[in-house]
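Let's walk through this model together, starting at the ligand and then moving out to a few individual residues. Keep the viewer open as you read.

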Amino acid sequence: MKKQFKGIALLIAVMVFSIVATACGSSNGSGGAGGSVSVGVVLPTKDEPRWVQDEQRFKDALAGTNYKTEILFSQGSSAKEKENVETLLNKGIKVLIICPQDGDAAAAAVEAAKKDGVTVIAYDRLITNTDAVDYYVTFDSLAVGAAQGQYLIDHMEGTSGQPLYLYAGAATDNNAFLFFQGAWEVLQPKIADGTFKIANSSEAEKLKDTKDLSRDQMSSIIGQVTTNWDPNEAKNKAQTHLTAAAADMKGNVSILAPNDGTARNIADVFGSDSEITSYVITGQDAEQASIQYIIDGKQSMTVFKDVRTLVKDAMGMAVEVLDGKSPETTGSYNNGTADIKAKQTDVIVVDKDNVKKELIDSEYYKASDFTGL
Ligand code: GAL
């Protein structure tokens with residue numbers, strides 16, 4: 001019954017997609033030279049595989065359609081991001097799909113877009129403290145963190161007093177808070193009862209009896225263990241932490257790493273420390289390099305966020321807006337100023353046991369992309 005409903009919904013989605021694809025514009029893809037552009041897409045940086053993945057999935061979704069869409073990258077700079085939005089506004093976009101570099105700083109850019117009558121869709125990361133956001137398409141970020149925390153509990157080597165190393169994303173990214181919150185809610189009871197002992201954050205240690213952390217409390221922890229989403233910063237922090245760690249913080253350890261890019265570098269550091277007997281480390285994004293790490297036993301898990309779905313949702317929404325319709329949403333997120341209507345997608349935990357089923361059989365990757373599968 002449920003399956004049938006899903007099938008029909010998918011069919012309708014595909015039909016809407018193709019009908020509107022023919023109805024809206026004459027050129028497509030990431031081009032945009034000459035003429036007006038209907039949909040502008042702004043992504044944070046080409047330096048992280050996650051966002052190159054998204055660009056590719058947008059291109060795949062647009063191939064063979066007549067959407068006039070342009071994709072620009074902000075290269076980690078909010079100033080560049082604002083410039084990108086202005087460029088797209090000058091090209092006459094009607095819908096802006098934007099994943100902010102910095103959730104607060106992006107408010108100015110989307111306010112400019114709103115002034116021009118453009119519909120703003122926040123993509124993956126919420127834009128905070130402004131009412132100039134119409135929609136939010138996202139994965140279930142609390143579930144991402146919860147899955148990471150649960151994995152550490154389910155796969156720990158010892159039974160009590162296991163050292164736990166915490167790492168987080170960038171404090172400028174609202175998702176970093178959601179991921180951390182999701183993980184903390186699951187891990188905290190196991191920290192409070194002594195199953196885990198925190199190895200690298202005095203702020204987390206101070207708060208170990210508090211399950212529901214305020215934003216400020218989370219900030220104090222994230223301030224200590226942030227990677228800024230930068231794999232090099234993650235590596236440096238991990239080295240510093242291991243250098244400072246006493247013998248009782250080594251042996252079999254558990255590591256909360258917020259995403260794949262940081263996880264691989266942190267794993268390399270822990271893997272090369274002779275006093276680390278074994279480690280379990282989380283990740284997120286199902287980046288190709290991390291799938292290879294999982295196959296090789298160097299990263300324990302990743303949270304697979306099927307970017308094809310997010311792209312389909314974002315473009316589906318954009319098309320409905322262009323068509324004068326109101327996109328369907330499944331809930332809302334408060335961004336500090338307003339409740340933003342949101343469409344949320346589930347995530348899938350992937351480790352070596354189900355990597356083939358979830359990522360190869362679903363045609364997200366090809367078996368030939370990997371060795372030793
Ligand atoms: C988050 C995103 C993650 C990860 C991270 C680093 O906002 O949801 O998938 O890629 O940024 O860019």
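This is a predicted model: local features need pLDDT of at least 70, side-chain atom pairs count only at pLDDT 80 or more; totals for chains, interfaces and linings use all residues.

Where does the ligand sit? The space it takes is the largest cavity. Two elements each give two or more residues to the shell around the ligand: α2, spanning 49-62, and α6, spanning 174-192. In total, 13 residues surround the ligand, and the closest are Glu48, Asp124, Arg125, Asp173 and Asp285.

Now zoom in on some contacts between side chains and ligand. The side chain of aspartate 124 has an N or O atom 2.6 Å from an oxygen atom of the ligand. For aspartate 285, an N or O atom of the side chain is likewise 2.6 Å from a ligand oxygen. Lysine 305 also takes part, with a side-chain N or O atom 3.0 Å from an oxygen atom of the ligand. How much of the ligand's surface does the protein bury? Taken alone, the ligand exposes 300 Å², and the protein buries 100% of that.

You will find alanine 286 in the loop between β9 (276-281) and α11 (288-295). Its phi is near 50°, a positive value in a residue other than glycine. Is alanine 286 buried or exposed? Alanine 286 counts as buried because its relative accessibility is 0%, and the cut-off for buried is under 20%.

Tryptophan 229 is placed in the loop that runs between α8 (215-225) and α9 (231-244). With a relative accessible area of 9%, tryptophan 229 is buried.

Finally, go back to α6, one of the elements that contribute to the ligand shell. In the loop between α6 and β7 (196-198) you will find threonine 195. Threonine 195 has a relative accessible area of 11%, so this residue is buried.

Methods:
Residues are numbered from 1 along each chain as its sequence is written. Side-chain values use heavy atoms; hydrogens and water are left out. Helices (H or I, at least four residues) and strands (E, at least two) are DSSP runs, numbered from the N terminus. Buried means under 20% relative accessible area, exposed over 50%, partly exposed in between (1.4 Å probe, protein chains only). A residue is near a molecule or strand if one of its heavy atoms lies within 4 Å of it. A polar contact is a pair of N or O atoms within 3.5 Å; within protein, one must be able to donate a hydrogen and the other to accept it, and residues adjacent in sequence count only if both atoms are side-chain atoms. Accessible areas come from the Shrake-Rupley method with a 1.4 Å probe; for residues, only the protein chains shown count as cover. On a 1 Å grid over the protein atoms alone, a cavity is a set of points where a 1.4 Å probe fits but cannot get out, and a pocket is an open set with protein on both sides within 12 Å along at least five of seven lines; lining residues have an atom within 4 Å of a point. A molecule sits in a cavity or pocket if more than half of its atoms lie within 2 Å of its grid points.
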